[in-house]
Amino acid sequence: MTTTTIETTTDNKTQFLQETLAGLHSEPKFMRSKYFYDATGDRIFQQIMEMEEYYLTNAEMEILQYQANQISQAISADGSIFDLIELGAGDATKSIYLLKSLLDSQLEFSYFPIDISAHVISDLEENLPKKLPGLDMKGLNGDYFNMLTKATELSSRRKVVLFMGANIGNMSIADAGKFCSSLKKLLSPKDLLIIGFDLKKNPKQILSAYNDKGGITRSFNLNLLHRINKELDGNFDLNNFEHYASYDPESGACKSYLISLKKQIVNIGQNAIHFAENEDIFMEISQKYSLNDIDQLAEKTGFKPLQRFFDQHQYFVDAIWK
Ligand code: AVJ
């Protein structure tokens, strides 16, 4: 079933425009962080993952490197035939360890990586089969739920859903609850969810991961303005906006903003957006969890926590829910 076609939702651009305008006409203003990932955004995110301050990647990498076999055993406990569906697959550097272990265990599965970035999906389709001979895969480009529904149409085997990389962190706790409930409704009782959370820890460590000295996170945020200029005929002056990150240890919410440095009007096509001096655009949440928060999320969304896997510092956890 290895193919090179990419399933893309139509009207991506119309949706990008509508969601952007809706956010910028709201009070307070916001943008959707899923739009960070154009080709440039993908590249900057790679740089973020290599930053000294961004501890998340190494932590989850360590989990996959050393515990892939245990995770693989947990997956196959209910049978050796299944589909592995990965939400927000990225470059799959972490999942490769798990995929290797599953292939080595002679399990019968297809891999469906889903990503919002078309570029990411075409790279995966090009490179993964070379790295993992014998892997049966099909990449799906689009929103999680559209593509998850598509994957369930393509196959009716038991599903193992991978949602790693702390991607759940890009939702508020309330939205994460809605997301997990909807996901649970799409799944059958034997299906599994493997979900990665960044854990609450020293607030300074968290804040510096999103406010790095080199200004990479700053350019990651500003790149969305650049993307709007390019793709939606906008005229943001990037010099007139400043990156601001905050972390609240009580709620675990790490948030980033762009602050308008002056009163200004920005045009997006025919639409005029007014900014007051020091007005903020909420760009992204990276929610941090305690172990208790995680169990509560599972419980209120109908999942049963089965197992969890930590890195040596307990910065991060990959939890298996049924
Ligand atoms: C890809 C959502 C896990 O929130 O840590 C990194 C994205 N944004 N630095 C995160 C991100 C700024 C990242 N996730």
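**Exercise 1. Work out whether the radius of gyration of this predicted chain agrees with that of a compact globule.**

Start with the length: the chain has 322 residues. The globule rule is 2.2 Å times the number of residues to the power 0.38, and for this chain it lands near 20 Å. Now check the model: its radius of gyration is 20 Å, which agrees with a compact globule. For the outline, the C-alpha atoms fill a box of roughly 60 × 45 × 35 Å along the principal axes.

**Exercise 2. Describe the chain's make-up, burial and contacts.**

First, go through the elements: you'll get 10 helices and 15 strands. Next, burial: 39% of the 322 residues count as buried. Last, take the contacts between residues at least 6 apart in sequence; 76% of them join residues at least 24 apart.

**Exercise 3. Find what surrounds the ligand, and sort it by class.**

Sorting by class gives five nonpolar, six polar and one charged.

**Exercise 4. Take apart the hairpin of β11 and β12.**

Begin with the pairing: β11 (residues 264–268) and β12 (residues 271–275) run antiparallel, joined by five bridges.

Terms used
Residues are numbered from 1 along each chain as its sequence is written. This is a predicted model: local features need pLDDT of at least 70, side-chain atom pairs count only at pLDDT 80 or more; totals for chains, interfaces and linings use all residues. Helices (H or I, at least four residues) and strands (E, at least two) are DSSP runs, numbered from the N terminus. A residue is buried if 20 or more other C-beta atoms lie within 10 Å of its own, exposed if 12 or fewer, and partly exposed in between; C-beta atoms are placed from the backbone. Two residues are in contact if their C-beta atoms, placed from the backbone, lie within 7 Å. Ala, Val, Leu, Ile, Met, Phe, Trp, Tyr, Cys and Pro count as nonpolar, Asp, Glu, Lys and Arg as charged, and the others, Gly among them, as polar. Two strands pair if DSSP finds at least two bridges between them.
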